[in-house]
Amino acid sequence: FSDVGPDVRWVGNESGIAKDPHWATYTPIGGSKPEAPAPGDTQYERGETGDRDGKFWIPAECDVPLRPGWFWHAAHEGKAKTHAQLMELYFASVGRGACLDLGIVLDPEGRMPAGDVEVLRAFGETLRKTFAQDLARGALVTASNTRGEDAAFSAQHVVDGHAATYWATDNEVTTAELTLEFDAPLTFDVIRLREAVALGQRVERFTLQVDDDGEWRTIHEGSTIGARRLVKLDAPTTARALRLRVDGALACPTLKECA
């Protein structure tokens, strides 16, 4: 871990946020010598988005302290971020394909402050409740294109819960649609998308729509997906069907989850 990786990169801020769009691919560029990037000597702000055509696979790590600073200070007692603020950070880091590195402190007795523990407990409980149930599991999924019409790349894989399976299109197809039909109307406010990133990060634009009395209504327009994209809607939406439209990709899209 450093400004230049090699495994993960610093995102370029200490706010816990990855910018949108966000690419796991990245080409570090030096600060004083562009051709010779090194830890502490890069154009580090570029790490917030990564590079669409980056040379290396170096996902971002988003670091942020739970309190106003990284170390324990008596003046920071009672000033930890709320669990609601932590959820916002989660969606702006993990929800954009990066990881969240949350800095916690120990007091002079070597213990985590009780107030901080309560915040973290509430944060964990909210996360568990948010993702406890995959509402899309068992949905009927159809696609505008399936690679070679081969069941090995079936659209149904995006709801099968298996990490190793995925939907893919033919090589020449870089725009496509997936439609999920539910047995009964579902109410939801979070949608989780995951590419099969072992094959690279490909999607650069997508649209989510719901069936609104026979008409497709757009509920979100997004950019990259990557290892994980969490879409938090402004308000709960009830629908009998959900459509994912891949509007642009660097190569034929591969998707392992739509939940």
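The model shown here is predicted. Begin by selecting Pro6, which is placed in the segment before β1 (9-10). The peptide bond that joins Gly5 and Pro6 is cis, with omega at about 10°.

Next, select Pro21, in the loop between β1 and β2 (25-26). Here too a cis peptide bond is found: it joins Asp20 and Pro21, and its omega is about 10°.

Now display helix α1 (residues 83-93) together with helix α2 (residues 114-130). Their axes come within 9 Å and cross at roughly 50°. Angles from 65 to 115 degrees would count as roughly perpendicular and those under 35 degrees as roughly parallel; α1 and α2 are therefore oblique to each other. The crossing of α1 and α2 is right-handed. To see the contact, show the side chains of His83, Leu86, Met87 and Tyr90 on α1, and of Val119, Leu120, Ala122, Phe123, Thr126, Leu127 and Thr130 on α2. By class, these contact residues comprise eight nonpolar, three polar and no charged.

Move on to Glu149, in the loop between β6 (140-143) and β7 (167-168). Glu149 is not a glycine, yet its phi is positive, near 50°.

Finally, turn to the largest pocket, whose volume is about 350 Å³. Select Gln133, Leu135, Phe188, Val190 and Ala259, the closest to the pocket's centre among the 16 residues that line it. Which strand gives the most to this lining? It is strand β8 (residues 176-195), with eight residues. Colouring the lining by class will show 10 nonpolar, three polar and three charged residues.

Notes. Residues numbered from 1 in each chain as written. Predicted model: local features only at pLDDT ≥ 70, side-chain atom pairs only at ≥ 80, totals over all residues. Heavy atoms only, no water. 1 Å grid on protein atoms, 1.4 Å probe; cavity = no way out; pocket = protein on both sides within 12 Å on 5 of 7 lines; lining within 4 Å. Points joined across faces, edges and corners; volume = space filled by probe spheres on them. Helix = DSSP H or I, 4+ residues; strand = E, 2+ residues; numbered from the N terminus. Nonpolar A, V, L, I, M, F, W, Y, C, P; charged D, E, K, R; others polar. Axes fitted to C-alpha atoms, helices over the stretch in contact; angles between N-to-C directions. Parallel < 35°, antiparallel > 145°, perpendicular 65-115°, else oblique. Left-handed = near helix turned anticlockwise from the far one by under 90°. Contact = heavy atoms within 4.5 Å.
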